[in-house]
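Morning, everyone. I'll take you through one structure today, from the whole chain down to a single residue. Have a look at it first.

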Amino acid sequence: MQKNRTMQIVKVKNYTPSFNEIWKRYADITKNIAFSIAIDLIPISSPEMKDLKDVLKVLEPFYQFPSEKQLLEVIIPQLYDQVKKKMTLAIKEDLSKGVNRIALTIDGWTCRSIADHMTVAVHYWTEDFVPRHYLLQLESLPKKWNTAQDLFHLVQNVLLKYGFSKEKTTIHIVTANGQNIVKAISLNDRWIRIPCFARLLQLTVDDVLKNFNNFNSLVAKCQQLVAALWSKASIESEANKSEVHSSSILDDIVPSWNSVFEMFDNLLKLRTTLYAFLKELSSPPEMLTESDWETISCYVQVFSLLKQASKLMSEEVYPPLSLYLPTIRGILELMESMNLNNQLSMQLIRSICSRFGHINTNESMIIAMVVDPRFKTRLLSDDEKFTVFDIVKSKMLSINSNTTVISETDKIKNPSDTPLELYFMNIKKQENPTSNTCEKIAEAELTYYLYKNVVSMDTAIHEWWKDNSKRFPKLCELAKIYLSIPAVQVSTERAFPNKQGFNIDTRAEILTNQTNVLDLMRISFLHSNLGKFETDISL
């Protein structure tokens with residue numbers, strides 16, 4: 001036994017790989033290097049890449065590490081072409097299998113360091129209830145090429161390019177509030193604009209803070225206080241060459257200027273400890289007055305609900321449109337229950353009603369909420385429920401679906417159904433229904449759906465609809481349309497690694513500075529789409 005094991009080891013030691021095996025291994029290394037640049041946004045001239053070169057010199061001494069020119073002019077373009085081709089084929093296949101309604105997210109912006117650009121991403125559910133999200137185009141715009149007509153033609157060309165240009169097909173488009181893009185969407189009566197929830201929320205906050213007396217001076221005072229604390233901790237740490245006693249205090253403070261809520265919230269939590277710490281400073285910053293603390297407390301109390309709304313939206317990569325209406329109604333109802341009678345809360349309520357007032361009459365948002373099994377009509381008043389029931393029923397009747405009704409065998413699988421549930425399902429058994437019967441079938445299906453309890457918030461709604469599509473054949477078609485619409489345009493905003501106004505990784509910023517616009521656009525495209533086809537790529 002020992003002898004056989006020894007002979008096996010000798011065989012392994014003396015094994016010489018073939019040329020094809022070596023070539024394949026080197027190709028895989030090159031592919032992984034390209035993936036690191038595209039997916040992880042590791043700059044070519046970064047310390048990480050240099051370390052990788054050093055490691056490969058030891059592990060694979062005969063491997064020729066690709067040069068920057070080879071990576072940017074040969075390997076990344078090849079990768080880009082492959083992914084774009086595979087994405088185009090995947091979209092065409094989905095369209096051939098019955099996908100006929102899509103949603104877009106669009107964002108365009110300017111930057112000093114690079115040319116103006118615009119991104120277009122598509123979102124839809126397949127016939128098998130699989131959510132699809134692709135970045136279709138990251139377009140560099142010529143100078144002064146940003147009028148409404150220009151943007152309209154750009155979007156239209158993207159739709160034509162990927163085969164989304166069917167006539168009389170409604171497309172929901174999520175955008176910011178820029179005047180030109182809003183006007184561009186209005187140029188096609190089949191395009192329905194959905195304002196980005198995150199942008200509206202930010203505008204709501206801006207409206208309130210404009211009327212918040214001395215808010216900027218309070219923020220500056222808090223930042224000076226936090227800066228002084230960090231400065232003292234840094235000096236003591238350098239002097240003692242060890243962790244200072246107060247570091248646990250400072251670790252809980254977020255000193256970043258764009259994290260005002262977190263800074264205020266943590267200052268409140270550490271109020272008592274901070275006073276003791278400030279006494280040790282030789283030249284302490286301006287102290288916060290009692291009035292300042294009251295203002296900070298009011299700010300945190302009022303804006304905590306908006307913070308929770310932002311967190312709710314960020315829990316899903318592509319939060320669906322169905323979250324729009326419940327989130328805003330929830331904020332308003334909770335604020336009312338908290339009995340906040342201060343000026344700040346009243347201003348926030350007025351701003352929310354002003355910015356989000358349209359959602360109560362927005363048909364797309366209402367239908368999205370109803371077909372989301374987590375909400376249905378639970379947040380509506382009795383009067384609203386009757387109106388919304390008719391709206392959804394009308395949409396169900398307008399859908400030309402080839403889906404079949406529930407069969408007798410389907411019902412047998414659910415012995416727990418009540419007589420009322422069975423009555424609703426039995427209505428669907430009629431063949432060749434008249435228009436009057438179609439209305440009854442739609443009404444029965446919707447009534448049965450609303451009769452069932454809502455599901456938990458952590459439910460994967462596309463999976464729920466896949467499991468219940470036979471029970472609700474008309475409603476599931478509405479779900480495919482309205483639940484595939486994102487509530488925010490984050491997918492397009494994050495497509496570009498160095499978008500101004502967003503927190504970015506340092507290496508993404510380095511990447512932006514090291515590459516030209518065309519290379520950066522290719523890398524950004526791959527960053528968004530490569531993960532969906534990673535296993536099918538070869539170099």
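One term before we start: two residues are in contact when they have heavy atoms within 4.5 Å. Also keep in mind that this is a predicted model.

Now, contacts along the chain. Take the contacts between residues at least 6 apart in sequence: 71% of them join residues at least 24 apart.

Next, the overall make-up. The protein has 24 helices and 5 strands. Of its 539 residues, 47% count as buried. The accessible surface comes to about 28,800 Å². Carbon and sulfur atoms account for 52% of that surface.

On to the inside. In soluble globular proteins, nonpolar side chains tend to be buried together. Here, the largest nonpolar core has 89 residues. Which element gives the largest share of this core? Helix α12, residues 290-314, with 11 residues. Among the residues with the most contacts inside the core are Phe264, Tyr299 and Trp465.

Let's stay with Trp465. Leaving out residues up to four places away in sequence, Trp465 touches Trp125, Phe129, Val371, Pro373, Tyr449, Phe472, Leu475, Cys476, Ala479 and Leu483.

Last stop: Thr169. Where is it found? In the loop between α5 (148-161) and β4 (171-175). Is Thr169 buried or exposed? The cut-off for buried is under 20% relative accessible area. Thr169 has 16% relative accessibility, so it counts as buried. Beyond its neighbours within four places in sequence, Thr169 is in contact with Asn100, Arg101 and Arg190.

Definitions and conventions:
Residues are numbered from 1 along each chain as its sequence is written. This is a predicted model: local features need pLDDT of at least 70, side-chain atom pairs count only at pLDDT 80 or more; totals for chains, interfaces and linings use all residues. Side-chain values use heavy atoms; hydrogens and water are left out. A nonpolar core is a set of buried Ala, Val, Leu, Ile, Met, Phe, Trp, Tyr and Cys residues joined through side-chain atoms within 4.5 Å. Buried means under 20% relative accessible area, exposed over 50%, partly exposed in between (1.4 Å probe, protein chains only). Helices (H or I, at least four residues) and strands (E, at least two) are DSSP runs, numbered from the N terminus. Accessible areas come from the Shrake-Rupley method with a 1.4 Å probe; for residues, only the protein chains shown count as cover.
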